[in-house]
2 protein chains.
Amino acid sequence: MPEDRYRQFCPVAMAAEVLCTRWTMVLVRELVAGSTRFNDLRRGVPRMSPTLLSKRLRELEAAGIVRREPIQGESAYPGYELTEAGRDLAPVVEAVGMWGQKWVEAEPSLANLDPGLLMWDMRRNLDPTPMPAKRMVITFRYTDQPEERRHWWLIVEPGAEVDLCSIDPGFDVDLYVETDLRCMTAIWMGLTSVRKEAGRDRLVVTGDDKLAAAIQDWLGLSPFATQRKLSG
Amino acid sequence: MPEDRYRQFCPVAMAAEVLCTRWTMVLVRELVAGSTRFNDLRRGVPRMSPTLLSKRLRELEAAGIVRREPIQGESAYPGYELTEAGRDLAPVVEAVGMWGQKWVEAEPSLANLDPGLLMWDMRRNLDPTPMPAKRMVITFRYTDQPEERRHWWLIVEPGAEVDLCSIDPGFDVDLYVETDLRCMTAIWMGLTSVRKEAGRDRLVVTGDDKLAAAIQDWLGLSPFATQRKLSG
DNA sequence: CGGGATCCAGTTCGATACTG
DNA sequence: CAGTATCGAACTGGATCCCG
């Protein structure tokens, strides 16, 4: 590819050549968030074609941002790990995200909802520490979604990663959350809260009372949810 | 244009839709640095076609980052001014530039030198305060450049913006700086210093002794020159 | 000077299908 | 799971020209 895109000696231009190609910043966000597998990355950027994802990963590798490394106890395929230069992109992603949260109108973005992507993000940010130290299963039901995207299960096993299923894993369910996708997404983004939406009956939580009471504690929000919106 | 590029509700993706299109980050750097005129912006992004520059400016306006505003005492044409959202991009540009300075190899970039761009940047960052309070004229001579890009004049008038000329303005010259373009660019980027290069006879300063002695003080460097390079 | 339009050739991207 | 292949559509760059 033309590595001489801007041909400027300015550091901003030099960095932008690597970082500001289509999808790259979003992909870097996924990497900074910790995904290392091709298919995990795909779930984080579901609208990016695998061809382009593969190409971008090779570019990031050439730029010294990721490194292919076998991951013990996993597939024989090496994963994509951030190098030190890659980990050092965290402040860049943070600055971009904070600006976006503060200044980009959320409405048009809330027209592009995706339950799979939302659940994938929630899975990653869920905090099990305020939960009882046993397996907890939480079901989400998005009343406005078509059957095949309506039901989701988060399975929290003590000491393990949170699991996400879109087909019934068959476990007893400890908590049910029923709402529409837009409402849940707005909560995730910090634009509103569980309490507020429950009060308006746009969200209903049933099941284990303690789990329900602590929902705002274990339900991790978007890393940018703390930044107040100013664009309006 | 397709405003639905990524179709993700994540703030990073929302911001990247606006900021991470081709040339946009570099253009934003120019705006954050203070340029407000179409042709001034062109000097900062000389390899960007005017068509694309115009298009990007309209996109930034639609995104609420710039605003067209008449500038008093100047041309009847309105300039491009940053809005509050636009000024708030300074930390983003800073983060990107710092990362670039730290991690992107400078060598390939030093193959893409441009005396006009370098002088334009130097003009902007020159600090007249350590200079005598009268008109000072400094001539740069880039020994490796073809005749028409070899000679440059910076004219510092107290209380006014620094002027840049590529044709002899006819004033008496207070200081001559003679070197090659690569050396001067490396100094500007903080990869080396005037003292070091003068010691190697790669740079020669003649004229007003006081002005010469203070050169490292008034010769502003790249805003990213303080970040040490680690990519090597 | 300041700002933009047009045309064309070359690149990049998206959608979808497919392989080991 | 981890990617390739393919092809039309969209975007970009360069050159050139235009208008007030």
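The model is predicted; local features need pLDDT of at least 70, side-chain atom pairs count only at pLDDT 80 or more, and totals for chains, interfaces and linings use all residues. Residues are numbered from 1 along each chain as its sequence is written, chains are lettered from A in the order in which they are written, and side-chain values use heavy atoms, with hydrogens and water left out.

**Salt bridges within chains**

- Side chains of opposite charge can pair when their charged atoms come close.
- A salt bridge here is a side-chain nitrogen of Lys or Arg within 4 Å of a carboxyl oxygen of Asp or Glu.
- Over all chains, the structure holds 25 salt bridges.
- One of them joins A:Arg141 to A:Glu178, with the closest N and O atoms 2.8 Å apart.
- A:Arg141 sits in strand S3 (residues 136-142) of chain A and A:Glu178 in strand S6 (residues 175-179), so this pair ties together parts that are 37 residues apart in sequence.
- Strands (E, at least two residues) and helices (H or I, at least four) are DSSP runs, numbered from the N terminus.
- A:Arg141 is partly exposed, at 27% relative accessible area, and A:Glu178 is partly exposed at 34%.
- Buried means under 20% relative accessible area, exposed means over 50%, and partly exposed lies in between (1.4 Å probe, protein chains only).
- In chain B, B:Glu30 pairs with B:Arg29 in a salt bridge, with the closest N and O atoms 3.0 Å apart.
- B:Glu30 is buried at 0% relative accessible area, and B:Arg29 is buried at 8%.
- B:Arg123 and B:Glu161 also form a salt bridge (3.7 Å, N to O).
- B:Arg123 belongs to helix H7 (residues 115-125) and B:Glu161 to the loop between strand S4 (151-156) and strand S5 (163-165) of chain B, so the pair links parts 38 residues apart in sequence.
- B:Arg123 is buried at 15% relative accessibility, whereas B:Glu161 is exposed at 60%.

**Where chain B meets chain A**

- In this interface, 55 residues of chain B are in contact (heavy atoms within 4.5 Å) with 55 residues of chain A.
- The two chains bury about 4900 Å² between them, and carbon and sulfur atoms give 69% of that area.
- Buried area is the accessible area (1.4 Å probe) that two parts lose on being put together, summed over both.
- Two salt bridges are counted between the chains.
- A:Lys102 forms a salt bridge with B:Asp88, the closest N and O atoms being 2.9 Å apart.
- On the side of chain B that touches chain A, several helices each supply at least two residues, including helix H1 (11-19) and helix H6 (90-103).
- H6(B) gives the largest share of that side, eleven residues.

**Two domains in chain A**

- Chain A is divided into domain 1 (11-88) and domain 2 (112-218), with bounds from an automatic or database domain assignment.
- Their centres, taken over C-alpha atoms, are 28 Å apart.
- Seven residues of domain 1 are in contact with five residues of domain 2.
- The two domains of chain A bury about 570 Å² between them, 52% of it on carbon and sulfur atoms.
- In domain 1, A:Ala33, A:Arg43 and A:Pro46 lose the most area to domain 2, together 63% of what that side buries.
- One salt bridge is counted between the two domains.
- A:Glu30 and A:Arg124 meet in a salt bridge (3.1 Å, N to O).
- A:Glu30 and A:Arg124 are linked with A:Arg29 and A:Asp121 in a network of salt bridges.
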